[in-house]
Amino acid sequence: MFAVVVDADYVGKQQLKNLLKQFGNGVQLRPTYLVSSGKGVHLYYFLQEPVQLYRNREEVLAELKEALIRRLWNDTSSIRPDSPDIIGIYQGFRCVGSQSKLGVDFPVKAYKLSENRYTLEDIKASIPSCKVDLAPLYEKPRRKSTVTLEEAKELYPEWYEKRIVQGEPKQKSKKQGGTWVCNEALYEWWKRKITEEVKAGGRYFSIMALCSYGLKCGISEQKIRRDAYAFLDHLESLTEDEDNHFSRANVKDALRALKGDRKRAVNDSKPGMDRG
């Protein structure tokens, strides 16, 4: 992870002025870059050193980012301060130079606000009363087993018989090009999440995630597409902004995730929120 990125949405002219003033007087931590994404801003806090994303670090990093989001997203920086998008560390953002939600005449632009590069301790220190424990970030990841094949034969005879003698593959199934297939209950769980928890800021990503969970659970593409379009009316009903409706075209675009690298989609996808 080379930067911590915060999405501040529903930012009007006055809210932008407030943010810039707070960056200038030290009330808020000044980002390295501010990116205008259309109706909001993305704040990029570059790190002095990249952080390796071992599994044991993800939860701590997500907690720290949530604390920073809640610090930056308030009644001075957003028209809707009570609805912050709490998104994880893997969330993607609009690429600088690409088209924003406002159309081709309003490309995504980046503005350099400082030369600053931060440590995670710097970010924590900028958040009053932040109680996130950064200690797990300095724990060494578990080392791979040093057990030899001969030792494994004695320690794990059943595994040895299946994997070495019989030559069974490591994967549970080959349905998805050799990746592990999850129980269909995971797919149904995400469908409930879409119905109960997804908001106007996360509709597009929710359908992309539906594709990822569907592939991961061995659901047919036909069923995934059918389920995705079934959510259209519900997701459109969440519209809060006349310039941000959710249409069949949005669903169709999100379903392109089915045509990408299936293995990468099922292994890399994480729930989160995005403008949609």
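Reply: Start with the contact itself. On the helix 6 side, the residues are Glu184, Tyr187 and Lys191, and they meet Lys223, Ile224 and Asp227 of helix 8. By class, the residues of this contact are 2 nonpolar, no polar and 4 charged. Bear in mind that this is a predicted model.

Now the geometry. Helix 6 covers residues 184-196 and helix 8 covers residues 221-230. Their axes lie 12 Å apart, at an angle of about 15 degrees. Angles under 35 degrees count as roughly parallel, so helix 6 and helix 8 are roughly parallel to each other. Helix 6 passes helix 8 in a right-handed crossing.

Next, the nonpolar cores. In soluble globular proteins, nonpolar side chains tend to be buried together. The largest nonpolar core here has 37 residues. Those with the most contacts inside this core are Val4, Leu43, Tyr45, Leu64, Leu68, Leu120 and Ile123. Several elements each supply at least two of its residues: strand 1 (3-8), helix 1 (13-25), strand 2 (33-36), strand 3 (41-46), helix 2 (55-72) and helix 3 (120-125). Helix 2 gives the largest share, 7 residues. Take Ile123 as a way in. Beyond its neighbours within four places in sequence, Ile123 contacts Val4, Leu29, Tyr45, Leu47, Leu64, Leu68 and Tyr118. Another core, of 25 residues, lies apart from the largest one. Val198, Ile207, Ala209 and Leu235 are among its members.

Two loop residues are also worth a look. Gln28 sits in the loop between helix 1 and strand 2. Its relative accessible area is 5%. The cut-off for buried is under 20%, so Gln28 is buried. Setting aside residues within four places in sequence, Gln28 touches Gln22, Phe23, Arg71, Leu72 and Asn74. Leu72 is 44 residues from Gln28 along the chain, yet their C-alpha atoms are separated by 7.1 Å.

Leu113 is in the loop between strand 6 (109-112) and helix 3. With a relative accessible area of 24%, Leu113 is partly exposed. Not counting residues up to four places away in sequence, Leu113 touches Leu20, Phe23, Arg30, Pro31, Thr32, Tyr33 and Leu34. Phe23 is 90 residues from Leu113 along the chain, with 9.0 Å between the C-alpha atoms.

Key:
Residues are numbered from 1 along each chain as its sequence is written. This is a predicted model: local features need pLDDT of at least 70, side-chain atom pairs count only at pLDDT 80 or more; totals for chains, interfaces and linings use all residues. Side-chain values use heavy atoms; hydrogens and water are left out. Axes are lines fitted to C-alpha atoms, for helices over the stretch in contact, and angles run from 0 to 180 degrees between N-to-C directions. Helices (H or I, at least four residues) and strands (E, at least two) are DSSP runs, numbered from the N terminus. Angles under 35 degrees count as roughly parallel, over 145 as roughly antiparallel, 65 to 115 as roughly perpendicular and the rest as oblique. A crossing is left-handed if the near helix is turned anticlockwise from the far one by less than a right angle, and right-handed if clockwise. Contact means heavy atoms within 4.5 Å. Ala, Val, Leu, Ile, Met, Phe, Trp, Tyr, Cys and Pro count as nonpolar, Asp, Glu, Lys and Arg as charged, and the others, Gly among them, as polar. A nonpolar core is a set of buried Ala, Val, Leu, Ile, Met, Phe, Trp, Tyr and Cys residues joined through side-chain atoms within 4.5 Å. Buried means under 20% relative accessible area, exposed over 50%, partly exposed in between (1.4 Å probe, protein chains only).
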